[in-house]
Every structure is written in C-alpha cells, then in structure tokens.
Amino acid sequence: MNIKQYWNIRHSGKAALGVAVLAALGMSAQTQAQSGLSIDSGEITYADHVAQIITDNCVVCHREGGVGPMQLTNFEQVRPWAPLIGMRVANKEMHPYSYDDHIGIQDLQGDWRLSDEEINTVTQWVAQGAPEGDWGDRSHPVANLPASDE
Ligand code: HEC
C-alpha cells in the first residue's frame, strides 16, 4: 500500500481508539467490564495498583468528615465513581493542587499531585473496567492520617 493509505489506516485507528476511550470514561464501570475493553494488555487492578494511589492521594479528603463529597476508602466506595475518577484524574482536576489550610495536615503528605505514571495507571484501570483484582493475603491499605476532627 502507499503512504497515503497507510496514513489513513493509522489515522482512523487512532480516532477509533480515542472514541473508545471517551466512551469508556462515559460508560459505567459495569458496562466496561462486560465490554472487555482493554487498551493495554497488562491488567491493572484495584488491589494491585490503584488502591495504594487512591489511599495515598485521595483519602485525605475523600473520607468520613473530609472535604470531598464522597468517601474513597475501599473498593465498594471507589467502584461507582470509577468513570468520574478516571475523568477527573486524566484532566488533572483531582486531586486539587491547593486546598483549605484549616485542615492542618499538609506536612504529612507533601506533594499530592499524581505523577504521570499514576495518572496513566488510574485511567487505564478505568478503561479496563475498573476490576478489583485479587487481594490475596493483603488487606486494603489504610491512609496514614489523623482523625478528621483533630
Ligand atoms: C484536597 C482535598 C481533595 C483531594 C486530595 C482529592 N479530592 Fe476529589 N474532591 C474534593 C472536593 C472538595 C470535591 C468536590 C468539589 C469538586 O467536585 O471539585 C471533590 C470531587 C471529586 C470528584 C467528583 C465528584 C462529583 O460528584 O462530581 C471525584 C471523582 C474526585 N473528587 C476524585 C478524587 C480522586 C480520584 C482523588 C485522588 C487522586 C481526589 N479526588 C483527591 C477534594 C479532594
């Protein structure tokens, strides 16, 4: 085939992938799981990859008494929010770069911005249907934070 045909094929393939990603972000996690959409062959699971990221970076606000509107302290709480989490994280809207200083816990965690790698991990996890994965002997990580009323 000539270069132009090749380009057209590449191009339409990319566009299709873009549409698939957008569709995945809009779909409920349940639907994604059923559609089996997979962008990367390596499976990214909540237990193996995502729980730690969310625990380290999101639970500070998304917990009982926190400033976030919902809690993200376990899979059951996180799962329904997976598509929105994917969107907010991909757009770098979450977590916020600054927040109310009256909470008084800045010095515990340092920089909460997600690295590009962490953003990738979260968005791919969502695109793969936000699977929980296998905890094996592990239990859910717990955020190392003071009680919210301190
Ligand atoms: C500094 C506090 C803080 C941190 C850290 C934080 N959030 Fe939030 N989050 C909020 C607040 C406040 C809101 C509600 C206002 C808004 O939607 O922007 C919110 C809203 C959201 C929403 C939208 C909920 C809705 O109803 O639309 C999602 C999804 C979300 N956060 C995910 C996350 C994820 C994932 C992380 C970690 C990567 C995170 N947040 C970290 C404070 C935080």
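Ala130 is found in the segment after helix 7, where helices (H or I, at least four residues) are DSSP runs numbered from the N terminus. This is a predicted model: local features need pLDDT of at least 70, side-chain atom pairs count only at pLDDT 80 or more, and totals for chains, interfaces and linings use all residues. Residues are numbered from 1 along each chain as its sequence is written.

**After helix 7**
- Ala130 has a phi near 50 degrees, a positive value in a residue other than glycine.
- Ala130 counts as buried because it has 27 C-beta neighbours inside 10 Å; the cut-off is 20 or more other C-beta atoms within 10 Å of its own, with C-beta atoms placed from the backbone.

**Helix 7 itself**
- The buried residues of helix 7 include Thr121, Val122, Trp125 and Ala127.

**Helix 3 against helix 7**
- The axes of helix 3 (residues 46-57) and helix 7 (residues 116-127) come within 10 Å and cross at roughly 125 degrees; axes are lines fitted to C-alpha atoms over the stretch in contact, and angles run from 0 to 180 degrees between N-to-C directions.
- That angle makes helix 3 oblique to helix 7, as angles under 35 degrees count as roughly parallel, over 145 as roughly antiparallel, 65 to 115 as roughly perpendicular and the rest as oblique.
- Tyr46, His49, Val50 and Ile53 of helix 3 meet Glu118, Thr121, Val122 and Trp125 of helix 7 in the contact, defined by C-beta atoms, placed from the backbone, within 7 Å.

Note on methods: Helices (H or I, at least four residues) and strands (E, at least two) are DSSP runs, numbered from the N terminus. Two residues are in contact if their C-beta atoms, placed from the backbone, lie within 7 Å. A residue is buried if 20 or more other C-beta atoms lie within 10 Å of its own, exposed if 12 or fewer, and partly exposed in between; C-beta atoms are placed from the backbone.
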